[in-house]
Amino acid sequence: MLQRTCIVLISLLISCFPLGRAVMLNFTLPGSHPSPELVAQDVHRRVNASVTRRHMLQISEKYDTTCFTGNPIDDCWKCDPDWANNRQRLADCAIGFGQYAMGGKGGEYYIVTDSSDDDAVNPRPGTLRYAVIQPEPLWIVFPSNMLIKLSQELIFNSYKTLDGRGANVHITGGGCITLQYISNVIIHNIHIHHCVESGNANVRSSPTHYGFRTKSDGDGISIFGSKDLWIDHCSLSHCKDGLIDAVMGSTGITISNNFFSHHNEVMLLGHSDDYLPDSGMQVTIAFNHFGEKLVQRMPRCRRGYIHVVNNDFTEWEMYAIGGSGNPTINSQGNRYTAPTNPNAKEVTKRVDTAEGQWRDWNWRSDGDVLVNGAFFVASGEGVEVKYEKAYSVEPKSAELIEQLIWHAGVLGVGGRDNNLGMWSRGPNDDGEGGFGSGSNKSLAPSVFSLFIALSCFLFLYTTPPML
């Protein structure tokens, strides 16, 4: 309740004072980068370095290049033949705004041995629900294929990694995943689909707290007032509401290497046009494949800075990227393939906004490839570039899209023909369900200014969820 009070208080103060409104438009949320353009350039630098390395190895007969894809995330961990016993290296492989997501790095391994979810208040040890509510960092793994049908929202605590590599892990049912007022979560290699509305029930969010939850929307992943998050190599489809929604001041998010399909409203970024704290939202959307039977919102943005880079959009029915409330859309090196419908060729859509209002919005396209009559309506003058562009920070051509997104979606067993094989148990596996051995490190929260607005935001991001 107090978190919501802080948000409302800040919004009211800003609306009452013109100067406050002006300041808020350039306000950096806790977890936001003060120079988002530098983060976008760093993404290109890493992509170009990976592509160059792959090219150099190809022309040398001394090296096997099968593991090098040019995708900097995959090249970071997949070329390690012993990756299954060095799983936490993954936490060092993120790019973009979510690159600081630690997940459960430094924490113990938790082995999910029980796929049931029949008690949202008193989950059994060995279940996924028991793991995600714990207060300490945990690296959560699955030693076998698993279908987890949720009874209610799966409410996470901070510093957790879901690592489904090597197994065929599906999460469906009520909820599904809720990240509310937390930080540092990595979700990797999980199928998330057929998520439905749930709620009007008690749900536990920590070992010491449970509370009554009203009806949920049925999102695949619902992000609410959270930061430092990375969603990678997941396959998402067939949910009641959005596949991924991020609202209420969420920031520091990377959504990469995922496969989206069979859905209407794919992704929502931003609570409402009038919700000023979302002006500090920063999201990287990279190397994803937006596949068959998608309609709209890839993403639909309100406020914030959204970097859409090196994705493949192979199908939409209405539009690919939409927005309102003056978001910054930086589209670079994507491939947009328009549908056959002559009335749906436009990539972009300004939602419920007259041209006189959106003509100054900063929506730009750089290095995109437009196929089958697709067209991107740019606007604004763009961000002033105060340096001479080097090759290392230019967006890679969308001609390399097939190479960069070749393994988008879930890997390995049940994935998309990437055949990583089953997970081999590492040295920290104790052979029992629940916790394995290993170190457990906690990370101290950052220190922010002491004036009231930043203090409220600090409270929002560092306290446990309030149900």
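This is a predicted model: local features need pLDDT of at least 70, side-chain atom pairs count only at pLDDT 80 or more; totals for chains, interfaces and linings use all residues.
A residue is counted as buried when its relative accessible area is under 20%.

Strand 16 has partners that run parallel to it. Five bridges connect strand 13 (residues 227-232) with strand 16 in the parallel sense, and within this pairing Trp230 has Thr254 as its bridge partner. Strand 16 also pairs with strand 20 (residues 282-286), again in parallel, over four bridges. Here Ser256 is placed opposite Ala286 of strand 20. In general, strands of a sheet are paired through backbone hydrogen bonds, and the pairing may be parallel or antiparallel.

Strand 7 (residues 177-180) is likewise built from buried residues: Ile177 and Leu179 point one way, Thr178 and Gln180 point the other way, and all are buried. Such a pattern belongs to a general rule, by which the side chains of a regular strand alternate between the two faces of the sheet. Strand 7 pairs in parallel with strand 4 (residues 154-155) over two bridges, where Leu154 stands opposite Ile177. A parallel pairing with strand 12 (residues 221-224) comprises four bridges, and in it Thr178 faces Ser222.

An open sheet is formed by nine strands, arranged in the order 3-6-9-14-17-21-25-28-31 with parallel pairing. At its edges lie strand 3 (146-150) and strand 31 (369-371), each of which pairs on one side only. Within this sheet, strand 14 (residues 235-237) and strand 17 (residues 259-261) run parallel and are joined by three bridges. Ser235 has Phe259 of strand 17 as its bridge partner.

The largest nonpolar core contains 65 residues, of which Phe142 and Leu162 touch the most other members. Another core, of 28 residues, lies apart from it and includes Val47, Trp83, Tyr109 and Ile186.

Two cavities of 30 Å³ or more are present in the structure. The second largest cavity has a volume of about 40 Å³. Its lining consists of Ser116, Asp117, Asp118, Asp119, Pro123, Arg124, Thr127 and Arg129. By residue class, the lining of this second largest cavity is made up of five charged, two polar and one nonpolar.

Technical notes. Residues are numbered from 1 along each chain as its sequence is written. Side-chain values use heavy atoms; hydrogens and water are left out. Two strands pair if DSSP finds at least two bridges between them. On a 1 Å grid over the protein atoms alone, a cavity is a set of points where a 1.4 Å probe fits but cannot get out, and a pocket is an open set with protein on both sides within 12 Å along at least five of seven lines; lining residues have an atom within 4 Å of a point. Grid points are joined across faces, edges and corners, and a volume is the space filled by probe spheres set on the points. Ala, Val, Leu, Ile, Met, Phe, Trp, Tyr, Cys and Pro count as nonpolar, Asp, Glu, Lys and Arg as charged, and the others, Gly among them, as polar. A nonpolar core is a set of buried Ala, Val, Leu, Ile, Met, Phe, Trp, Tyr and Cys residues joined through side-chain atoms within 4.5 Å. Buried means under 20% relative accessible area, exposed over 50%, partly exposed in between (1.4 Å probe, protein chains only).
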